[in-house]
Amino acid sequence: MVRFSRERAIFQDKLEERGAFLVSGLNDLLANYIYLTRIDDLTDIATVLGSQPDVAYVQIFNANGRLLVDRDRGKYPVGLVVDEFGLGVLKSKQSKFQFNGNDLEVASPI
C-alpha cells in the first residue's frame, strides 16, 4: 500500500509539472486569439491539443465565463462556466490544478 501511494504521488507530481508547462505555454499562444475572438483559430488549437494522448478535453472560456471553444461540441458551442473549479479560477485569476480520480484538470486565466 505504501509503495502504491508513493508511486501515485510521483505520478501526480509529474502530471502536475506537465500540466503547468502546457498551461504556461498556452497562455501566451491563446491570449491574442481570445482577445480578438478568433474562434476558428482557437478551434484549430483546441483540436491539436485534444489529439495529444495526455489531453482528455479542451475548453476555452472568455473572461465572462462564456464558452468559446469546446473541442467535443462542434464549431460554435453554447455554454457558461458552471463548475466551482472553473469559477474559482475566474475569480482568483490564478492557475489551479485538481485531480479527478487519476485525471488532472488544469485551468488557467489568460
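## Glu-105 and its polar partners

Let's start with a side-chain pair: Glu-105 and Gln-98 make a polar contact through their side chains at 2.6 Å. A polar contact here is a pair of N or O atoms within 3.5 Å; within protein, one must be able to donate a hydrogen and the other to accept it, and residues adjacent in sequence count only if both atoms are side-chain atoms. The side chain of Glu-105 also has a polar contact with the side chain of Tyr-57, at 3.3 Å. This is a predicted model, in which local features need pLDDT of at least 70 and side-chain atom pairs count only at pLDDT 80 or more, while totals for chains, interfaces and linings use all residues. Residues are numbered from 1 along each chain as its sequence is written, and side-chain values use heavy atoms, with hydrogens and water left out.

Glu-105 sits in strand β4, residues 103-107. Helices (H or I, at least four residues) and strands (E, at least two) are DSSP runs, numbered from the N terminus. Buried means under 20% relative accessible area, exposed over 50%, and partly exposed in between (1.4 Å probe, protein chains only). Neighbours within four places in sequence aside, Glu-105 is in contact (heavy atoms within 4.5 Å) with residues including Tyr-57, Phe-85, Phe-97 and Asn-100.

## The chain as a whole

Zooming out, the chain has three helices and four strands, in the order α-α-β-β-α-β-β from the N terminus. Of its 110 residues, 30% are buried. Among contacts with a separation of 6 or more, 38% are between residues 24 or more positions apart.

## The nonpolar core

A nonpolar core is a set of buried Ala, Val, Leu, Ile, Met, Phe, Trp, Tyr and Cys residues joined through side-chain atoms within 4.5 Å. The largest one has 13 residues, and those with the most contacts inside it are Leu-30, Ile-34, Leu-42, Val-58, Ile-60, Leu-68 and Val-69. At least two residues each come from α1 (2-35), α2 (39-50) and β2 (67-70), with α2 giving the largest share, five residues.

Leu-42 is found in helix α2 and is buried, at 0% relative accessible area. Leaving out residues up to four places away in sequence, Leu-42 touches Leu-30, Tyr-33, Ile-34, Ile-60, Leu-68 and Val-69. Its C-alpha lies 9.5 Å from that of Asp-70, 28 residues away in sequence. On the same terms, Leu-30 touches Leu-42, Ile-45, Ile-60 and Ile-110.

## Residues with more solvent

Thr-47 is in helix α2 and is partly exposed, at 42% relative accessibility. Its side chain reaches the backbone oxygen of Thr-43 at 2.8 Å. Across the sequence, Thr-47 and Arg-71 are 24 residues apart, yet 5.9 Å separates their C-alpha atoms.

Asn-32, in helix α1, is exposed with a relative accessible area of 55%. The C-alpha of Asn-32 is 9.6 Å from that of Ile-110, 78 residues apart along the chain. And where is Lys-93? It's in the loop between α3 (84-92) and β3 (96-100). Lys-93 counts as exposed at 65% relative accessibility, and has a positive phi of about 60° although it is not a glycine.
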